[in-house]
Amino acid sequence: MKKILHVIALILVLGSVIFWAAAGANRGWTKTSVPKKTLDEVTGIEGVTYEKHFVPGVDFLAAAFLCAGILAGISFLLRTKSNDSQNKI
Amino acid sequence: MKTKLTILALIASVGIALAAPQSFDFKDPKGINNAGFKLDAPLESINGTASGISGTVTFDPENPVTTQGKIVVDTGSLMVPNSMQRGHMLSDKWLDAAKFPEITFESKEFKNVKTDGNTTTADVTGTFTLKGISKELTVPVKLTYLKDKLGDRMPNTKGDLLVIRASFSIKRGDFNINPGQYEDKVSDVIELTLSIAGASPK
């Protein structure tokens with residue numbers, strides 16, 4: 001059980017870092033939509049529309065690291081099966 | 001003699017009609033008109049836009065000093081890229097969009113008016129209302145009069161366009177938006193930019 005929690009925590013850390021890096025390594029806040037600029041050629045005004053698109057930010061990384069930390073913490077609270085108890089069985 | 005007087009009266013009335021101020025409607029069917037806002041914050045600045053613009057401005061290209069009008073921004077149209085931040089921004093803790101659905105600027109006086117070709121710059125004094133609080137502000141504006149250009153933007157429609165651009169700053173504390181609070185997280189100063197075009201069909 002302890003090992004499983006360690007593996008899940010590791011997957012969570014590595015997975016979140018890979019996902020964050022692959023999505024553009026945004027060092028700001030997580031974005032749920034991104035602004036798209038369009039130029040009106042007659043007036044010269046640059047309009048902004050928003051498209052739904054998830055871009056993870058540093059808060060996403062922090063949340064993933066926190067979850068991984070909690071899992072690791074729980075794993076330390078679990079008792080390890082001792083060799084004596086295994087021998088008795 | 002009577003015919004000459006009639007012709008003179010006709011010419012004069014045409015002249016008056018041509019010189020009369022035009023009314024420009026700023027509700028943009030193309031959705032390009034926008035008001036941008038920026039607030040400094042520790043990790044990255046908060047940048048957003050509002051697209052729900054309406055209002056009317058009367059503008060006389062021959063006499064821009066007489067320009068008057070009111071621009072209205074729908075508070076609910078304010079957007080930022082993070083949906084949670086947007087929710088906080090529109091909530092009763094910040095802008096209270098449900099109670100104060102409009103942000104307005106109504107002009108009172110145009111000063112330092114300078115016209116060069118189709119472009120006029122001026123300092124506009126008017127009443128800015130945000131979250132139910134009205135303050136008098138003087139804002140530098142640039143007006144660009146585009147004669148007979150409405151058809152280029154909206155096919156089969158004849159008329160003129162008036163483009164208004166303005167950049168100015170306000171303090172959120174002056175408008176009862178958490179005055180003196182959270183300034184370590186969100187700056188007190190809000191930078192605003194306005195880029196809007198109004199139509200005057202003929």
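A residue counts as buried if 20 or more other C-beta atoms lie within 10 Å of its own, as exposed if 12 or fewer do, and as partly exposed in between. Lys30(B) has 14 other C-beta atoms within 10 Å and is therefore partly exposed. The model is a predicted one.

**Lys30(B)**

- Lys30(B) sits in a loop of chain B, between strand E1 (22–25) and strand E2 (34–39).
- Between Lys30(B) and Met154(B) the C-alpha to C-alpha distance is 9.0 Å, although 124 residues separate them in sequence.

**Nonpolar cores**

- In soluble globular proteins, nonpolar side chains tend to be buried together.
- The largest nonpolar core here has 37 residues, and those with the most contacts inside it are Leu162(B), Ile196(B) and Ala197(B).
- Strand E11 of chain B, residues 189–201, gives the most to this core, with six residues.
- Leaving aside residues up to four places away in sequence, Ile196(B) touches Phe26(B), Asn33(B), Ile53(B), Ile71(B) and Ile164(B).

- Strand E7 (residues 102–116) pairs with strand E8 (residues 119–130) of chain B in the antiparallel sense, over 10 bridges.
- Within this pairing, Phe105(B) stands opposite Phe128(B) of E8(B).
- The hairpin of E7(B) and E8(B) has two residues between the strands, and in this hairpin Gly117(B) takes a positive phi near 65°.
- E8(B) also runs antiparallel to strand E9 (residues 133–146) of chain B, joined to E9 by 12 bridges.
- Gly126(B) has Leu137(B) in E9(B) as its bridge partner.
- Two residues likewise lie between the strands in the hairpin of E8(B) and E9(B), where Lys131(B) takes a positive phi near 50°.

**Contact between chains A and B**

- Chain A brings 17 residues to the contact and chain B brings 18 residues.
- On the side of chain A that touches chain B, the elements giving two or more residues are strand E1 (31–39) and strand E2 (46–55) of chain A.
- E1(A) supplies the largest share of that side, five residues.
- Sorted by class, the side of chain A that touches chain B holds eight nonpolar, six polar and three charged residues.

Methods. Residues numbered from 1 in each chain as written. Chains lettered and ligands numbered in written order. Predicted model: local features only at pLDDT ≥ 70, side-chain atom pairs only at ≥ 80, totals over all residues. Contact = placed C-beta atoms within 7 Å. Helix = DSSP H or I, 4+ residues; strand = E, 2+ residues; numbered from the N terminus. Nonpolar A, V, L, I, M, F, W, Y, C, P; charged D, E, K, R; others polar. Core = buried A, V, L, I, M, F, W, Y, C linked by C-beta atoms within 7 Å. Pairing = 2+ DSSP bridges.
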